[in-house]
Amino acid sequence: DHPEPAFKAYPVYLVNKAPDTIRVGRGEFLNMIMEARTKTGEWKPIEEPFVYACGNGVGTIVLPPGYIALTSAPIYQGDMPTECRIRSGKRTSNSFYARIDRHQFESRYDENGNFKDR
């Protein structure tokens with residue numbers, strides 16, 4: 001028997017093709033967010049970026065030239081088929097098709113940063 005995975009995910013490879021070392025994250029988190037196309041074709045984030053409440057002692061994750069970082073992105077389940085991509089800074093991945101919940105385009109936080117009910 002094989003145990004059921006905690007969550008289903010896409011593999012994500014970050015490849016540094018630049019001649020210099022690049023920053024790809026802080027602490028335990030890579031600087032990545034999933035985006036999806038709206039019904040009007042606009043790319044919008046469907047995840048909230050992680051923000052540290054305090055940045056003291058949080059290290060930087062770097063990727064030297066020619067190195068590869070392997071991580072994952074969740075496979076969402078929803079009623080809206082759309083095109084998705086991963087954004088890391090100004091760079092984006094190739095697009096892929098997925099099914100998301102249309103409410104993922106809405107922020108889970110109000111204007112004061114408090115969690116809100118959908």
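**Reading pockets, strands and rings**

Modeller: Let's start with the largest pocket: β2 (22-26), β3 (29-30), β4 (33-37), β5 (43-45) and β7 (68-74) each give at least two residues to its lining. Keep in mind that this is a predicted model.

Colleague: Fine, but how do I read a pocket, and how much space lies in the largest one?

Modeller: The general idea first. Rolling a probe the size of a water molecule over the atoms shows where empty space is left. Here, the largest pocket holds about 990 Å³ of space.

Colleague: How many residues line the largest pocket, and which lie nearest its centre?

Modeller: Its lining has 34 residues, and Met32, Glu47, Glu48, Pro49 and Phe50 are the ones nearest the centre. By type, the lining splits into 18 nonpolar, eight polar and eight charged residues.

Colleague: What volume does the second largest pocket have?

Modeller: About 620 Å³. It is lined by 22 residues, with Tyr13, Leu14, Val15, Ser88 and Arg91 lying nearest its centre. Two or more lining residues come from each of β1 (9-15), β2, β8 (80-88) and β9 (91-92).

Colleague: Which element gives the most to the lining of that second largest pocket?

Modeller: β1 does, with six residues. As for residue types, the lining of the second largest pocket has eleven nonpolar, six polar and five charged residues.

Colleague: On to the strands, then. What should I know before looking at a sheet?

Modeller: In a regular strand the side chains alternate between the two faces of the sheet. Now for a case: an open sheet of three strands runs in the order β3-β2-β6, and its pairing is antiparallel.

Colleague: Which strands are at the edges of that sheet?

Modeller: β3 and β6 (60-63), each of which pairs on one side only. On one side, β2 is joined to antiparallel β3 by two bridges. On the other, β2 and β6 pair over four bridges, again in the antiparallel sense.

Colleague: How many residues lie between β2 and β3 in their hairpin?

Modeller: Two, and Gly27 in that turn has a positive phi of about 60°.

Colleague: Where should I look for the partners of β8?

Modeller: Take them in turn. β4 runs antiparallel to β8, with four bridges joining them, and Met34 stands opposite Ile86. β10 pairs with β8 in the antiparallel sense over five bridges; there, Thr82 is opposite Ala98. β9 also pairs with β8 in the antiparallel sense, over two bridges, and Ser88 is across from Arg91.

Colleague: What does the turn between β8 and β9 look like?

Modeller: They form a hairpin with two residues between them, and Gly89 in the turn has a positive phi of about 65°.

Colleague: You mentioned Met34. Is Met34 buried or exposed?

Modeller: Met34 sits in strand β4. Its relative accessibility is 2%, so it counts as buried, the cut-off being under 20%.

Colleague: Last topic: rings. How do I describe two of them together?

Modeller: A pair of aromatic rings is described by the distance of the centres and the angle of the planes. Searching the whole structure turns up one aromatic pair. It is made by Tyr10 and Phe96, with 4.8 Å from centre to centre and 55° between the planes, a tilted arrangement.

Colleague: Which parts does the pair of Tyr10 and Phe96 tie together?

Modeller: Tyr10 is in strand β1 and Phe96 in strand β10 (residues 96-100), so the pair links parts 86 residues apart in sequence. Tyr10 itself counts as partly exposed, because its relative accessibility is 24%.

Colleague: What sits over the ring of Trp43?

Modeller: The charged end of Arg85 does, 4.1 Å from the ring's centre.

How values were computed:
Residues numbered from 1 in each chain as written. Predicted model: local features only at pLDDT ≥ 70, side-chain atom pairs only at ≥ 80, totals over all residues. Heavy atoms only, no water. 1 Å grid on protein atoms, 1.4 Å probe; cavity = no way out; pocket = protein on both sides within 12 Å on 5 of 7 lines; lining within 4 Å. Points joined across faces, edges and corners; volume = space filled by probe spheres on them. Nonpolar A, V, L, I, M, F, W, Y, C, P; charged D, E, K, R; others polar. Pairing = 2+ DSSP bridges. Phe/Tyr/Trp six-rings, centres within 6.5 Å; stacked < 30°, edge-to-face > 60°. Buried < 20%, exposed > 50% of the residue type's maximum accessible area, 1.4 Å probe, protein only. Lys NZ or Arg CZ within 6 Å of the ring centre and 35° of its normal.
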